[in-house]
Amino acid sequence: MSLRQQCAAVVIGLVTLAAPGSLLRAQVPQPGAAPGAVEQINITAGRSTVVMTDFDITRIAVTNPLIADAVVVRPREVLVDGKASGTVSLIVWGDATRKHYDVVVDAGVSLLQQNFQDLFRGEDVNVAVTENSVILSGSVSNNDVMLRAAEIARAAFPKSSIVNMLQLPGGSPSNQVMLQVRFAEVNRNAFLQAGLNLFAAHDSFAARSTTQQFAGPQFDNESQSLLEFTDYLNLFFFHRGSGIGAVLKALQGRGQLQSLAEPNLIAYNGQEASFLAGGEIPIPVVQGLTGNISIVYKEFGVRLNFTPTIAGDVIRLKLRPEVSSLDYNNGIIISGFRIPALLTRRAETDVELRDGQSFAIAGLMNNISQADNQAIPVLSKLPIIGNLFKSRSDKAEQTELMVLITPRLVRPLDPDEVPPLPTEPGKFIKPEGEGAEPGKELMDAPEAPKPVPGAVKKPKGKL
């Protein structure tokens, strides 16, 4: 072989060895190469879709698996599952390329919208779901459809807040409700007390009969002839010669009390308002093993809590009226402090009214009847005189509460609509420089009466 042929063979071998490396470098993309365009995948929560690629998949990544998750099912297929509303990124890698997707997960609104279309045909009800709320918009024909739609949405999304923006024909533009409340309470009581205490006081002896129901006279320890009385609301008789006496307890009484509160409250649509006319009573509370006493205040009086919901021309009210008063008869004594109990009358209800209509809650009655009879054994069984050794105390109390409520839709007043406040028509103190020297201003005096025509002027001076 000649020298020329040998050189040609060496060149061909070198080119053959270098060709595969050159082809390999041509197939590998540069590290700084820009990725392709971002594609969008739309999916509904609770459903799945398959994404296909034109290359074999080696690796995938999802930014938030709680919103959407993905898994490779075939070399060129990815199964995407929607879990919650939101947007995540899905990146798919191949041997020599990668692809970027935006996965947009829509909540199950379409199912709720379809339910509304099936239940309320002909009604315009639109649903929009965000992360923490469900918004209902559109227009409906009556109030019942509006409230039912909100209840269905609340049942479908129990953890979300429902924003009901459905409109009714002829609805009021006002979003504030003024509640006019009238509390009327009538308390009637009556009691009857009857009893007789006999006693005898002498130098050589002393005697007394009592049922212990009413306080009787007490004998002095130093002198048996001296008596001490703790209750003077009695009929008293005493014969000095014989030393025999009697104390008769005979009382009868009737009482009546009527209280009335008329609060006016204004609340925004869907917000709670409260009213309290009364006070707070301090109650001592012992803290654990240390024995320290702290004070806790308990409210009492006339209380009203209400939450209005405006549904077109109808106002739905959630009411909770309460009337409480102090009861010292059933109180307790703690560490020398007398703590009264609370008598409470409470009602809770939901009603629907139109603007200006009224309703009443009545029948909250409390009747108490108590009869105490005491007698001395044996002596009270004697004929005729047995009644002298008996005592009796009867008590009856009746309380009735009535609540009258009237809701009204109100709006704020413009500056030109504010009525003038009641003020003094005349000037109380004249400004400086009007008919008086500085520092010597005078207060306005009543105007002198005008002379009556034809009247005779009375002359001045002494008669």
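View 1. Strand E4 (68-74) and strand E6 (86-94) each give at least two residues to the lining of the largest cavity; strands are DSSP runs of E, at least two residues long, numbered from the N terminus. This is a predicted model, where local features need pLDDT of at least 70 and side-chain atom pairs pLDDT 80 or more, while totals for chains, interfaces and linings use all residues. Residues are numbered from 1 along each chain as its sequence is written, and side-chain values use heavy atoms, without hydrogens and water. Look for Val62, Ala70 and Val103, which are among the lining residues.

**View 2. Arg59 meets Trp93.** The charged end of Arg59 sits over the ring of Trp93, 3.8 Å from its centre (the rule asks for NZ of Lys or CZ of Arg within 6 Å of the ring centre and within 35 degrees of the ring normal).

**View 3. Glu39 pairs with Lys99.** These two form a salt bridge, with their closest N and O atoms 3.1 Å apart (a side-chain nitrogen of Lys or Arg within 4 Å of a carboxyl oxygen of Asp or Glu). The pair links distant parts of the chain, as Glu39 is in strand E1 and Lys99 in strand E7, 60 residues apart. Glu39 is partly exposed at 37% relative accessible area (buried is under 20%, exposed over 50%, partly exposed in between, with a 1.4 Å probe and protein chains only).

**View 4. Arg320 reaches Glu348.** Their salt bridge has its closest N and O atoms 3.7 Å apart. Arg320 is partly exposed at 29%, whereas Glu348 is exposed at 52%.

Terms used. On a 1 Å grid over the protein atoms alone, a cavity is a set of points where a 1.4 Å probe fits but cannot get out, and a pocket is an open set with protein on both sides within 12 Å along at least five of seven lines; lining residues have an atom within 4 Å of a point. Helices (H or I, at least four residues) and strands (E, at least two) are DSSP runs, numbered from the N terminus.
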